[in-house]
Structures are given as structure tokens and as C-alpha cells.
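Please open the model in your viewer and keep the sequence panel beside it. The stops below can be selected one after another.

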Amino acid sequence: MFVNNAAYGLYGAVEEASDRQIEHQFMTNVLGSLRVVRAVLPFFRKQGGGHMVQISSMAGHYSIPGMGLYCSSKWAVEGAFEALAKEVAPFNIKTTMVEPGGIRTNFITSNAVFGERMDEYRDTEAGQFVSLMKGELPGTDMSMFNQMVVGDPDKMAQQIIRRVDQGEGPIRMALGSDAYEQIRAALLDTDWPLWKHRKSWLTPLIQMMW
């Protein structure tokens with residue numbers, strides 16, 4: 001079993017982040033994960049198999065103002081590891097992408113990085129999100145904010161161990177009620193317009209055939 005958990009959050013409007021901050025975000029969240037897993041794979045093949053657990057995020061399914069760069073890094077992780085899972089399956093190497101929601105750790109309160117704030121964004125959704133994350137909104141208590149996060153890290157760890165012990169399961173594993181709701185909403189938001197578009201051109205085509 002191998003658990004890959006290289007990530008931190010970069011927050012703010014996309015325009016507010018510097019080139020260096022963006023590069024470091026992707027170097028850590030994406031390239032860091034890929035470099036480590038590429039180093040592990042030869043050992044898994046040599047021993048005849050293994051189980052990769054890649055910590056992703058529910059943010060790998062959606063993107064919101066103020067989180068665009070963090071979300072995009074998780075989208076990149078999801079795309080790379082979905083393909084990788086199929087590539088290494090013939091070697092008896094299993095893959096699980098864990099997509100947690102909020103977890104009661106210091107991910108937000110201590111490890112977050114922010115872009116250089118621009119006045120143009122302060123009153124926008126992105127600006128308000130950053131103010132919330134930095135504890136700048138009136139009445140915001142970051143210690144209480146962290147306690148309100150629903151995800152229990154110990155329970156999530158047990159679920160990951162259980163999945164590895166089972167050995168089988170879907171490639172994606174959502175953890176936390178907030179993760180389930182956010183991912184479901186994101187998928188519906190994508191699928192419904194696609195279905196409507198398909199119906200808009202398919203109906204006239206069927207009419208033409210008849």
C-alpha cells in the first residue's frame with residue numbers, strides 16, 4: 001500500500017496569484033504526486049502488485065471563485081491518475097483516488113497560501129471567499145470555523161484502510177457528506193446541460209428520419 005498526499009491550497013482570484021505561486025502549486029500538488037508515484041511503481045511491479053491511494057479532493061469535480069488554481073491542480077491529478085490506474089492495472093496494481101470533503105486538520109488555518117489581493121476583487125465572490133478563509137469577516141473565529149468542518153480524519157483514515165483491505169472498489173472514493181453533495185451537484189450541473197444539448201439536436205434528427 002502506498003498513500004500519496006502532496007498538496008496545499010492556493011486561494012484568491014486567478015489574476016491575483018503570481019507566476020511563482022502558480023508554478024509552486026502545480027509543482028507540489030501535481031508534479032509532486034506524479035514524481036512520487038513514478039518512483040514507487042517499479043517496486044510494485046517487482047513484488048507482483050500493490051495498491052496506490054492518491055489523495056485528491058472533492059474540488060477535483062468543480063471550481064469556484066477564489067479556488068480556481070487549487071481546483072485546477074486537483075482536476076489535473078484526477079485526469080492523470082484516472083489514466084494511470086488503467087495503465088498499471090495489468091500489473092495487478094490497484095488505484096484508489098480519495099476525494100474528501102472538508103477535514104478537521106490545519107489545511108486551511110495554517111497551510112493556506114494567498115495571492116496578492118487586488119481592490120478590484122475585494123467585493124466579488126472571490127474576494128469574499130478569501131476574506132472568509134483569512135478570518136477577516138466580522139465575527140469569524142477560525143478556530144471555531146475549523147471545528148465546524150464535518151470531516152473526521154480518523155474515520156476517513158479507517159475508511160481508506162478498509163478499502164485497501166477489501167482490494168476492490170471504484171477508482172474514486174468520496175469521503176464526507178459534504179463531498180458527496182458537492183460532487184453530485186457538480187456532476188448534475190455538467191450532465192444536465194449535456195443531455196439538454198443532445199436532446200436539442202437529436203429530436204429534429206429523429207423527426208427527419210420519420
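Are Tyr 11 and Phe 129 buried or exposed? Tyr 11 is buried, and Phe 129 is buried as well, where buried means under 20% relative accessible area, exposed over 50% and partly exposed in between, computed with a 1.4 Å probe and protein chains only.

Before you go further, note that this is a predicted model, in which local features need pLDDT of at least 70 and side-chain atom pairs count only at pLDDT 80 or more, while totals for chains, interfaces and linings use all residues. Residues are numbered from 1 along each chain as its sequence is written, and side-chain values use heavy atoms, with hydrogens and water left out.

**Stop 1: the aromatic rings**

Select Tyr 11, Tyr 70, Phe 114 and Phe 129, which ring pairs link into a cluster. Rings of Phe, Tyr and Trp (its six-membered ring) pair if their centres lie within 6.5 Å, and planes under 30 degrees apart count as stacked, over 60 as edge-to-face and the rest as tilted. The structure holds three aromatic pairs. One of them joins Tyr 11 and Phe 114, a tilted pair with 6.0 Å centre to centre and 50° between the planes. Tyr 11 lies in strand β2 (residues 10-11) and Phe 114 in strand β5 (residues 113-114), so this pair ties together parts that are 103 residues apart in sequence. Helices (H or I, at least four residues) and strands (E, at least two) are DSSP runs, numbered from the N terminus.

Keep Tyr 11 selected: its relative accessibility is 4%, so Tyr 11 counts as buried. The ring centres of Tyr 11 and Phe 129 are 6.0 Å apart and their planes stand at 65°, so the pair is edge-to-face. Because Tyr 11 lies in strand β2 and Phe 129 in helix α3 (residues 125-133), this pair ties together parts that are 118 residues apart in sequence.

**Stop 2: helix α3 and what follows**

Just after α3, Gly 135 takes a positive phi of about 75°.

Next, select Glu 136 and Arg 117, whose side chains meet in a salt bridge (2.8 Å, N to O); the term stands for a side-chain nitrogen of Lys or Arg within 4 Å of a carboxyl oxygen of Asp or Glu. Glu 136 lies in the loop between α3 and α4 (142-148) and Arg 117 in the loop between β5 and α3, so the pair ties together parts that are 19 residues apart in sequence. Glu 136 is partly exposed, with a relative accessible area of 43%, whereas Arg 117, at 16%, counts as buried.

**Stop 3: strand β4 and its partners**

Now select strand β4 (residues 93-100), which is mostly covered, with seven of its eight residues buried. Two strands pair if DSSP finds at least two bridges between them. Strand β3 (residues 50-55) runs parallel to β4 and is joined to it by six bridges, and Val 53 stands opposite Thr 96 in β4. Strand β6 (residues 172-175) also runs parallel to β4, with four bridges joining the two, and the bridge partner of Pro 100 in β6 is Leu 175.

**Stop 4: charges on α2 and β6**

Seven salt bridges are counted in the model. Select Arg 172 and Glu 78, whose side chains meet in one at 2.8 Å, N to O. Arg 172 lies in strand β6 and Glu 78 in helix α2, so the pair ties together parts that are 94 residues apart in sequence. Arg 172 is partly exposed at 26% relative accessibility, while Glu 78 is buried at 4%.

Then select Lys 86 and Glu 82, which meet in a salt bridge of 3.8 Å, N to O; both lie in helix α2, four residues apart, about one turn of the helix. Lys 86 is exposed at 60% relative accessibility, and Glu 82 is partly exposed at 30%.
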